[in-house]
Amino acid sequence: MKFILIMFILLTGANSCQQEQSGEVVTLPTDLTVQIEELGNGRVKAIFSARDVNFYRIDFGEAKSNMQRVEGQEATHSYRTPGNYTITVQAHTTEDAFISEETQVEITEQALGLGIPTEGYESPESYDGYTLVWRDEFEEGISPDWVYEIGDGCPNLCGWGNNELQFYRRENAEVKDGMLVITAKEENFGGKNYTSTRMKTQGKQSFTFGRIDFRAVLPKGQGIWPAFWMLGESITEVGWPACGEIDIMEMVGGNASGRDNTTHGTLHWSNNGTYATSGGKSSLSEGIFNDAFHVFSIIWDEEKIVWLLDGQEYHTIDITPAHMDEFRDPQFILINLAIGGNWPGNPDDSTIFPQQLVVDYVRVFQKD
């Protein structure tokens, strides 16, 4: 939805339509009007007009911005953080002879896609032939079953193995209204330009086989990389990829077609000492994963792993080969929100911060 604000002229520093400069009378512009259109996702367009004007300047009111000369009678700008901003437009006859107009624009979390939707798919709390063996509904804070990985992965795994740009902190995870909210921020900390959270159940809860459901609203944007995944408990003895990795949900965000609306399900393992991987993906027919809640699931048994999106199967991998025996051993759960890295690439000017991964629940079912 577009919101249009029409602002009319306020003359600053003049009580008439003329100013005297170096003995010459200069006619000031008149009838300055400004329209501000909110285009969505933090983008706004300013459209302006005046009489007796030679050129315009505009300042969109961010901390490091200043007046910029405009070619023509409109300018667009993308805000990346919520707040109230003062947009100033100047109509110039000369560099020193001008009138100006100021207007306020509010950029809300909802406008940036940061609000928590109320709609979306919800999975059942029970399945025939299965028992619910572990769950976290995030109703009373963050369970002690979660532990946090802190830092940038150095010295042993700098960039967490993918040249990621974030510094993981405990402080970026909180519970709001019965939801786990992991917030990725653009801020300097620990020698990095971004912060986020990575949490896991290692040493607390691990599982072999079953159905796992993860209901969440995903973040969006270039360089944004949320993931819900599993690693073998044997990682401390055999390392990666020999421990096996099950990626239940990964999304690499961005404006490119099929990124913010596509989820990936992947396995990583060791094929007799050689790294191996296989996976599939599923895309929404409408919208992106930031618009509503979706449920990302696997059904895992001795023979196969099946990936589901909102209860619909989209990929299956046979795990019966002997070289895939790591997928018949216990695995723990991880949730993280990475920034940048080899797969998504780095954030750019289109990326809005903060970004949030909002988790409603994690549920683990096993066969009776």
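This is a predicted model: local features need pLDDT of at least 70, side-chain atom pairs count only at pLDDT 80 or more; totals for chains, interfaces and linings use all residues.
Residues are numbered from 1 along each chain as its sequence is written, and side-chain values use heavy atoms, with hydrogens and water left out. Local features need pLDDT of at least 70 and side-chain atom pairs count only at pLDDT 80 or more, whereas totals for chains, interfaces and linings use all residues.

With a salt bridge taken as a side-chain nitrogen of Lys or Arg within 4 Å of a carboxyl oxygen of Asp or Glu, the count comes to 13. One of them pairs Glu 137 with Arg 363 at 2.8 Å, N to O. Glu 137 lies in the loop between β11 (130–136) and β12 (147–148) and Arg 363 in strand β28 (residues 355–367), so this contact ties together parts 226 residues apart in sequence. Strands (E, at least two residues) are DSSP runs, numbered from the N terminus. Both partners are buried (under 20% relative accessible area, 1.4 Å probe, protein chains only): Glu 137 has a value of 18% and Arg 363 one of 2%.

In a salt bridge between Arg 198 and Glu 149, the closest N and O atoms are 2.5 Å apart. Arg 198 belongs to strand β17 (residues 198–200) and Glu 149 to the loop between β12 and β13 (166–168), 49 residues apart. Arg 198 is buried at 9%, as is Glu 149 at 16%.

Strand β28 also holds Asp 360, whose salt bridge with Arg 215 has its closest N and O atoms 2.7 Å apart. Because Arg 215 lies in strand β19 (residues 210–217), the pair joins parts 145 residues apart in sequence. Asp 360 is buried at 10% and Arg 215 at 6%. Through shared partners, salt bridges link Glu 125, Arg 135, Glu 137 and Arg 363 into one network.

How values were computed: Helices (H or I, at least four residues) and strands (E, at least two) are DSSP runs, numbered from the N terminus. Buried means under 20% relative accessible area, exposed over 50%, partly exposed in between (1.4 Å probe, protein chains only).
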